[in-house]
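Thanks for coming, everyone. I have one structure to share today, so let me put it on the screen and then talk you through it.

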Amino acid sequence: MAIPLLQKTLVGAYVLRKHLAGQKRYPLALMLEPLFRCNLACSGCGKIDYPDEILDQRLSLEDCLGAVDECGAPVVSIAGGEPLLHRDMPAIAAGIVARRKFVYLCTNALLMEKKLDQYRPSPFFVWSVHLDGDEETHDRAVSQRGVYKRAVAAIRRAKQAGFRVNINCTLFNDAEPERVAAFFDAVGELGVDGITVSPGYAYERAPEQQHFLNRNATRQLFRDILARGEGGRRWPFSQSSLFLDFLAGNQTYHCTPWGNPARTVFGWQRPCYLLGEGYAPTFKALMEETDWDAYGTGRYEKCANCMVHSGYEASAVADTFVHPLSAARVALKGVATSGPMAPDIALEGQRPAQYVHARHVAIKLEEIRGRKAAQAPAAGTAGPA
């Protein structure tokens, strides 16, 4: 696994303290979304279909650093939208690094070369560049030609400047195991420090719905990919060995939605980064007032096919502490890619999906318009004499 020793040590110590304290629910990584605006319109994205009044909203520097302090997670993943569109992003990243939190700045890389000099290399700072496969695959996924080449050029320049660089790869049902394996080999030759891989989540508002994987297809796909890379040992994955084992169908995990809480322009998002079904005003309220048992595979229809790292990496990390020898064995020998799969979660008892997005958008628009009206000068007010 391609997680540096410093990060393993600090995050491991954090998790150990939580376990020793008997704390059942705690965050592992804060998913910070300072804006939804993006300079791409990817076919599988469900994050950017908001009215302009919401797309124009930004979390301030103070909001972002306050969320980091409030949450206390040792890792902060800054996503969006496209974070590099935020004018205060260099200060946000620097403020998080100053707190000795590990920052993963997720970007499509279109602005990365232009803005690279605004950031400083640090063991606590990682560029996480979105690449969903080789040039043809990625450019098709982001619905724009030439993006892959620009991302690769930005990766090369960042590595030359001394930065840690990961790639963030999302796979869909058109992924071909042989091509994915060749792609992982190619990014390794670029000198990237790590690979984060995950099946795509079926956002209800994504423009194209036909390319999302179900759980059976996900497990077989990852077996077929990892079999071409010595059970995954050939590639520098920046994920726990047991999460990769889970993707390949060798573990049965329930989702840990509180492991990766999300702070957006709406507030603290319930129940997770992927699924906005309500918002809490504070992190404490999110943790204490959310009906966590109402969500997850087997409990809620929208979660039926989810195997995404933001929900299951925390489950795998918790299991690593319970079964360290199993985790070590997978890390040393690689993920098993043949034989019977672990039982999957039954879906018969899940509650039906509720569709609440439009209501939350309406509430936010009313809030924005009310704030603007309150800030506007009163009509007919006389000016200075």
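Before I start, one term: when I say that two residues touch or are in contact, I mean that they have heavy atoms within 4.5 Å. Please also keep in mind that this is a predicted model.

Let's begin with the overall picture. The protein chain contains 14 helices and nine strands. Its radius of gyration is 21 Å, close to the 21 Å that the globule rule gives for 385 residues, so the chain is as compact as a globular protein of that length. If you draw a box along the principal axes, the C-alpha atoms fill roughly 85 × 50 × 45 Å. Of the 385 residues, 55% count as buried. The accessible surface comes to about 17100 Å², and carbon and sulfur atoms account for 53% of that.

As for charge, the chain has 44 positive and 41 negative charges, and their mean positions are 4 Å apart.

Now for some individual residues, starting with serine 310, which you'll find in helix α12, residues 309-322. Serine 310 has a relative accessible area of 5%, so it is buried, given that buried means under 20%. Not counting residues up to four places away in sequence, serine 310 touches Met31, Thr256, Asn260, Tyr273 and Leu274.

Glutamate 33 sits in the loop between β1 (29-32) and α2 (52-55).

Next, isoleucine 78, in strand β2, residues 75-78. Isoleucine 78 is also at 0% relative accessibility and counts as buried. Beyond its neighbours within four places in sequence, isoleucine 78 is in contact with Leu32, Pro34, Pro83, Met89, Ile92, Ile96, Val103, Tyr104, Leu105 and Cys106. For a sense of distance, pick out glycine 229, which is 151 residues away along the chain: the two C-alpha atoms are separated by 29 Å.

For a contrast, have a look at proline 123, in the loop between α5 (112-115) and β4 (125-130). Proline 123 is partly exposed, with a relative accessible area of 48%. Setting aside neighbours within four places in sequence, proline 123 is in contact with Leu6, Phe102 and Arg164. Its C-alpha atom and that of proline 271, 148 residues apart along the chain, are separated by 31 Å.

That brings me to the salt bridges. How many does the structure hold? The count is 20, and I'd like to show you three of them.

Next up, the side chains of aspartate 134 and arginine 179 meet in a salt bridge at 2.9 Å, N to O. Here too distant parts of the chain are linked: aspartate 134 is in the loop between β4 and α6 (135-141), while arginine 179 is in helix α8 (residues 177-189), 45 residues apart. Arginine 179 counts as partly exposed, at 28% relative accessibility.

My last pair is arginine 140 and glutamate 136, whose closest N and O atoms are 3.7 Å apart. Why are these two about one helical turn apart? Because they are four residues apart in helix α6. Arginine 140 counts as partly exposed at 41% relative accessibility, whereas glutamate 136 counts as exposed at 51%. And here is how this connects: salt bridges that share partners join Asp134, Glu136, Arg140, Asp174 and Arg179 into one network.

Terms used
Residues are numbered from 1 along each chain as its sequence is written. This is a predicted model: local features need pLDDT of at least 70, side-chain atom pairs count only at pLDDT 80 or more; totals for chains, interfaces and linings use all residues. Side-chain values use heavy atoms; hydrogens and water are left out. The radius of gyration is taken over C-alpha atoms; the globule rule is 2.2 Å times the number of residues to the power 0.38. Buried means under 20% relative accessible area, exposed over 50%, partly exposed in between (1.4 Å probe, protein chains only). Accessible areas come from the Shrake-Rupley method with a 1.4 Å probe; for residues, only the protein chains shown count as cover. Lys and Arg count as positive and Asp and Glu as negative; His and the chain ends are not counted. The place of a charge is taken as NZ of Lys, CZ of Arg, CG of Asp or CD of Glu. A salt bridge is a side-chain nitrogen of Lys or Arg within 4 Å of a carboxyl oxygen of Asp or Glu.
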